[in-house]
Amino acid sequence: MTTAIGNFHYSRYTPQGLIKAFSMGTSAELTLLAAQKYGITYHEIPGTRIIELEYQGQKSYFQGQNPFAQSGIALFATSDKTVGKNLLIAAGLSVAKGFSIYKKDPEAYWEEVYNALQKPIVVKPTHGTQGRQVYTSINNLNTYKAAIKDILPSHPSTMAGVIAEEMFQGEEYRILVNREAVLGIINRRPANVVGDGVTSIQELINRKNKDPRRKNDPNNFLVTINVDQHVQAELASQKLTLNSIPAKNQLVLLRKNSNISTGGDSLDVTDQAHQTVKEIALKAINAIPGLLFAGIDFMTKDITQSQTAGSYIVVETNESPGYSIHDLPYEGKNRHAAEFFLKILFPTLELKLDE
Amino acid sequence: MTKWTEDLPNVFSTRNTPHGPEKIRLTHHYSARLIAREAKILGISFQEIPESRVFILEYQGVTRFLHSLMPSQTSELAYHVCRDKVATHAFLEPRGISMAKGFHLLREDSLAYQLEVFSALEKPLVIKPAEGKEGALVFMGIETQEHYLSAVQQAFTFTTDHLSRVLIEETVKGTEYRILTTRNKVVAIVNREPANVTGDGISSISELIFIKNSDPRRGDSSQGPMTKIKIDQHVLDKLTSQNLTLNFIPTVGTKVHLRHNSNISTGGDSIDFTNIAHPSVQEICVKIVNSVPGLHFCGIDFMTTDITAAQTMDMYKIIEINSFPGLDLHEFPYSGQSRPAARELLRTLFAELPLPASSSEVL
């Protein structure tokens, strides 16, 4: 019996017993479908969201998008963005100029950092995920301080804080790598609509959201565009409203952030990227001790050109990358990321990829 | 009298600021210094990757990493299983290890579900943030629904993270021990006794606290191997619950406990029990480490009604496993023998190399 995407669940222990409680997320679901293909058996360890797999007498584990075979240090070093960024610097890669601010730092230090950076700047949590609490295009001290005040209490660790860094102008990409090869490159485009000359932005959003691949679930591989204050603000900054009618083929960006989880599009550009991009991505994963499978957030002025120190930055390495975007991109080819993920769990597995 | 930690090499993290590099203190400051001392003795290089708290250690051409006292051998699975109580249960219970009963609450759980959990557990209850540390927002001895709901609400204030959880558990009876364990053996066992004073028949409790705090080994920092006892609301509440005040004069030899929680960081004492514990304690702990794939070095919080007796399922309970345990409380116990915790961590890190178990073998 095959379970379809969207129908896998995790369980939870309650006083009533074990119940079906949480949807699984597309990347994990694709991995289980791939496991079926290779005759790998699996089950959730009840109540834990940990999947135990068995293949030829060997056991391996994963949770969500995280291959539990890798070293715990990989998790530490990537879940704290200050640590991850400094490991990239130590490996000689270009990153955005910036500084970390911790809870104990006085406001005078916040200002010192603000003054040392070229505007506009980005303020983000050292321990954030999925673009939450990321403030971009900051141009004045009050907005900057408000962003820091919002972020600081969100994590209990004394070493958790804020990264303030210069904002890089360029396109944003997600590069999926293992320690040996680049598996896929996705251009993440912020939530957007393309005009047809007659339809309003609101109606274009509604139409785009009808795509059955989009779900109102931030963990899905494509997510509905939800009109919120950020969308309203972005439109206002372009002197548009939801009732404006964009010209035919006019691309209207609805957000600043390009996360898939807030309705962004995934465009496969693996074959267009210059060889130097792949070299940088491999250098980035190898900069993190014990990291076996990573999503590299990469920004560049032009991905088809040879990269130089000023033309790109590595934003961060993610040790638990949503890889379904590479298998089910909004536009482009299936890169079989789920099967490469299985190979991390069972290195002896011989992949037979479908064309 | 000099402080006992003065001969340790100093270890800091560095940080890049607009006005240049700045030193920052590590959370596990003393444990990191103990590792640095042992590394130096063994000829292992020990260096931080700048502002990362990731240390590179190199010995005879082999490179290993250490982050927050966690050796690079520890798998993400092991790290996660130690951090998540439900996962800890899932891996230990099938192996016949005894654990306290409990449930997690999520932020979005309904009042009805919160009450369902309350009814399903035997009182008194312990309530704490699932990702908490150092005894912050831990509520013990919860008997009534009213106290339960208010404690749950307060425990959720630990962070504003929407994914944070609160753990509700039944209270376990007995004495708590921290047991430092590798895949092969128990390295050290200490009893962490809550902050306490022992009467001399003439001094009041507040004078006894003052005398105990004048021990030069006790520091002001909550991160040292021994910490001064601070008189706060928890201490006053604990005294009130025993019908005592700070002015009370305990009789000679009477021990008065000043807190519920046994953390060293709030003035607790570490007492070495390594040679006193029954061999069955060691068997259980080694079994625990081997029950979690990819766990090589950990601190097990172990509650038992009698550490000297053969352990039975109803006598002991595992409270939790720590994948990056502090080392200083074993090397600098308040009373009892010092144990080579840092050396064993390095032996785990370079498991395939013949590192000597004690310094006398090197010299």
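**Close-ups of a predicted two-chain model**

**Figure 1. Chain A as a whole.** Residues are numbered from 1 along each chain as its sequence is written, and chains are lettered from A and ligands numbered from 1 in the order in which they are written. Along its principal axes, the C-alpha trace of chain A spans about 60 × 55 × 50 Å. The chain has 10 helices and 17 strands (DSSP runs numbered from the N terminus: helices are H or I with at least four residues, strands are E with at least two). Of its 355 residues, 47% count as buried (20 or more other C-beta atoms within 10 Å of the residue's own; exposed is 12 or fewer, partly exposed is in between, and C-beta atoms are placed from the backbone).

**Figure 2. Domains 2 and 3 of chain A.** Where they touch, domain 2 gives five residues and domain 3 gives six (contact is C-beta atoms, placed from the backbone, within 7 Å). The domain 2 side has one nonpolar, four polar and no charged residues (Ala, Val, Leu, Ile, Met, Phe, Trp, Tyr, Cys and Pro are nonpolar, Asp, Glu, Lys and Arg charged, and the others, Gly among them, polar).

**Figure 3. Where chain B meets chain A.** Chain B puts 37 residues into the contact and chain A puts in 38. On the chain B side, β1 (13-17), β5 (62-67), α2 (76-83), α3 (85-92) and α4 (111-120) each supply at least two residues. The largest share, five residues, comes from α2(B). By class, that side has 17 nonpolar, 13 polar and seven charged residues.

**Figure 4. Helix α1 against helix α10 in chain B.** The axes of α1 (residues 29-42) and α10 (residues 341-349) of chain B come within 9 Å and cross at roughly 65° (axes are lines fitted to C-alpha atoms, for helices over the stretch in contact, with angles from 0 to 180 degrees between N-to-C directions). From α1(B), the contact uses B:Leu34, B:Ile35, B:Glu38, B:Ala39 and B:Leu42; from α10(B), B:Ala342, B:Arg343, B:Leu345 and B:Leu346. That makes seven nonpolar, no polar and two charged residues. Eight of the nine residues of α10(B) are buried, so this helix is largely enclosed by the rest of the structure.

**Figure 5. Two positive-phi residues in chain B.** B:Glu51 has a positive phi of about 50° although it is not a glycine, and is found in the loop between β3 (45-49) and β4 (54-59) of chain B. With 23 C-beta neighbours inside 10 Å, B:Glu51 counts as buried. B:Gln60 also has a positive phi, near 50°, but B:Gln60 has 8 C-beta neighbours inside 10 Å and counts as exposed. Look for B:Gln60 in the loop between β4 and β5 of chain B.

**Figure 6. Cis prolines.** Most peptide bonds are trans. The bond from A:Lys119 to A:Pro120, though, is cis, with omega near -5°. A:Pro120 sits in the loop between α4 (107-116) and β8 (121-125) of chain A. In chain B, a cis peptide bond joins B:Lys123 and B:Pro124, with omega about -5°.

How values were computed. Predicted model: local features only at pLDDT ≥ 70, side-chain atom pairs only at ≥ 80, totals over all residues. Contact = placed C-beta atoms within 7 Å.
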